[in-house]
Amino acid sequence: MAHALIIGGGIAGPVTAMALRRAGIDATVHEAYPSGADDAGAFLILFANGLSALAAIDADRPVRACSFRSEAVEFLGDTGAALGSRPIAGPADGPTPRTLPRAALHRALREEAVRRGIPVVHGKRLVDTAVGSHGTVTAFFADGTRAEGDLIVGADGIHSRTRALLDPAAPGPRHTGQLTVSGRTRDTGHRVPPGTYRMMYGRRGFFGCTTGPDGTTYWFANVPGAELSAAELAARTPARWRRHVVEAFADDGTPAAALAAATGDDIVGLNVYDIPSVPVWHDRHTVLVGDAAHATAPNAAQGASMAIEDGVVLARCLRDLPDTGRAFAAYERLRRERVERVVALSAAMAGRVARTAEERRERDAGVALGMARDTAGTADWLAGYRIDWDARVH
C-alpha cells in the first residue's frame with residue numbers, strides 16, 4: 001500500500017488522510033505544533049459544500065456533534081436600522097450550514113482520523129524534503145527526525161514550508177488591508193435568535209455574531225488595519241483587542257461595541273492574508289492542499305470548506321489514476337478554477353472592509369443590501385458544489 005506523508009494537522013491534513021485511507025492509501029499526519037491549537041474565540045461556519053464533502057468520506061457526524069445549525073442572516077446598517085434578512089446561502093436540498101469553534105473542528109477531525117487508525121504525530125516542523133533513487137520521498141523535520149513515504153501532501157497552511165520547497169519563487173501571502181478579531185461571551189444581554197447570524201455594516205468595519213444553543217455568543221469584527229509584525233501580534237493582549245473593536249464601532253448605533261465590551265479574555269486578533277494564485281501546485285512527488293495552495297481571506301467564510309473539498313478530490317484522483325503525476329494534474333484541473341474564484345470573491349469583500357472611513361460613510365443601506373444579494377447569488381456555484389465519491393476520475 002502506498003504511504004502519504006501529510007504535512008500539517010489543521011483541517012486539510014486530517015481530512016486528506018481520511019479520504020486517502022478510504023481510497024486505499026495509507027497516511028501519517030505530521031503536525032508542527034506540540035499540541036492542538038486553542039484559537040481562543042475563533043469560530044467558523046461550514047456551508048453545505050463543506051459538509052457534503054465530509055459526508056462523502058463519512059466524516060461529517062463528529063463535526064455535526066460539536067456544531068450548531070445556522071439558518072438565517074439579518075443585516076443592520078451603522079445606525080442600527082434593519083436592512084433586511086434572508087436564509088443563509090445554500091441550495092434548498094443541501095445540508096444546513098453549521099457553526100462551531102475552530103478549535104472544535106480541528107479536534108473533531110483529528111480525533112476521527114486517529115479513531116480510524118491514522119497516526120497523527122505532533123512537534124514535526126518540516127524543514128526539507130528529498131526524493132530517493134527509487135522514487136520514495138523523505139521529509140526532514142526540525143527536531144532532527146525524518147519520515148519516508150511515496151508522496152508528500154503539503155497541508156501546512158498559508159505560510160506553507162512545503163510550498164516554498166516545491167517552488168522557491170512561489171508568491172507569499174498578501175495582506176488584505178484588514179484585521180480580524182474574534183471573541184465569545186456568555187453575557188445574556190447580547191444573544192441572537194437561535195440559528196441566526198446578525199451582520200452589521202459599521203462606519204469603520206464589519207461585525208457579525210451568532211449565539212449557540214448553550215448561550216455562548218460568538219462574534220467577529222473585520223476592521224481596516226495595517227499588517228502587524230509577529231512581535232506586535234504577540235504583544236497584543238485580549239484587553240487591547242477588545243478596546244480596538246469597541247473603539248472601531250463606538251460611533252455606530254448597533255450593539256457591536258457593547259457586545260465586544262462584554263467579552264472577557266476569549267478574544268484573538270489576526271492579520272488577514274490571501275494568495276490570489278499559486279503557480280505551482282505539484283510536481284511528481286509533492287502536492288498542495290488547502291491554504292498552502294489557495295489562501296483566501298475569511299470574508300466569504302469558505303476557507304475550511306475549500307480545504308475539505310481539496311482532500312476528498314485529491315484522494316479520488318490518486319485512487320483512479322495510475323501514477324501520482326497524472327493524479328496531481330487531474331486534481332489541479334478539477335480544483336484550480338473553483339478555488340481561485342473563491343479567493344477573488346473573498347478579496348473583493350475584504351476590499352470593501354478596507355475602505356477609508358470617508359468612503360464608508362458614503363455607502364448607504366441600498367449598497368449594503370446589494371452586497372447581501374451578491375453573496376446570496378453565489379449559492380449555486382459555491383455552496384451547491386457536490387463531490388460524488390463513487391464517480392471515476394478520468
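The model is predicted, so local features need pLDDT of at least 70 and side-chain atom pairs count only at pLDDT 80 or more, while totals for chains, interfaces and linings use all residues. Residues are numbered from 1 along each chain as its sequence is written, and side-chain values use heavy atoms, without hydrogens and water.

Q: What makes β13 and β16 paired strands?
A: Strands pair if DSSP finds at least two bridges between them. Eight bridges join β13 (residues 174-185) to β16 (residues 217-224), therefore they count as paired. The two run antiparallel, and Gly183 stands opposite Trp219 in β16.

Q: Why are β6 and β17 at the edges of the sheet?
A: The open, mixed sheet has the order β6-β5-β14-β15-β16-β13-β17. β6 (82-87) and β17 (267-274) each have a single partner strand, so one side of each is left without a neighbour in the sheet. The twist averages 20° from one strand to the next, with axes fitted to C-alpha atoms and angles running from 0 to 180 degrees between N-to-C directions.

Q: Why is helix α1 called mostly covered?
A: Buried means under 20% relative accessible area, exposed over 50%, partly exposed in between (1.4 Å probe, protein chains only). Nine of the 11 residues of α1 (residues 12-22) are buried, among them Pro14, Met18 and Leu20.

Q: What do the buried residues of α1 pack against?
A: They pack against β1 (3-7), β2 (26-30), α2 (48-56), α4 (102-115), β12 (151-154) and α10 (303-320), where contact means heavy atoms within 4.5 Å. Helices (H or I, at least four residues) and strands (E, at least two) are DSSP runs, numbered from the N terminus.
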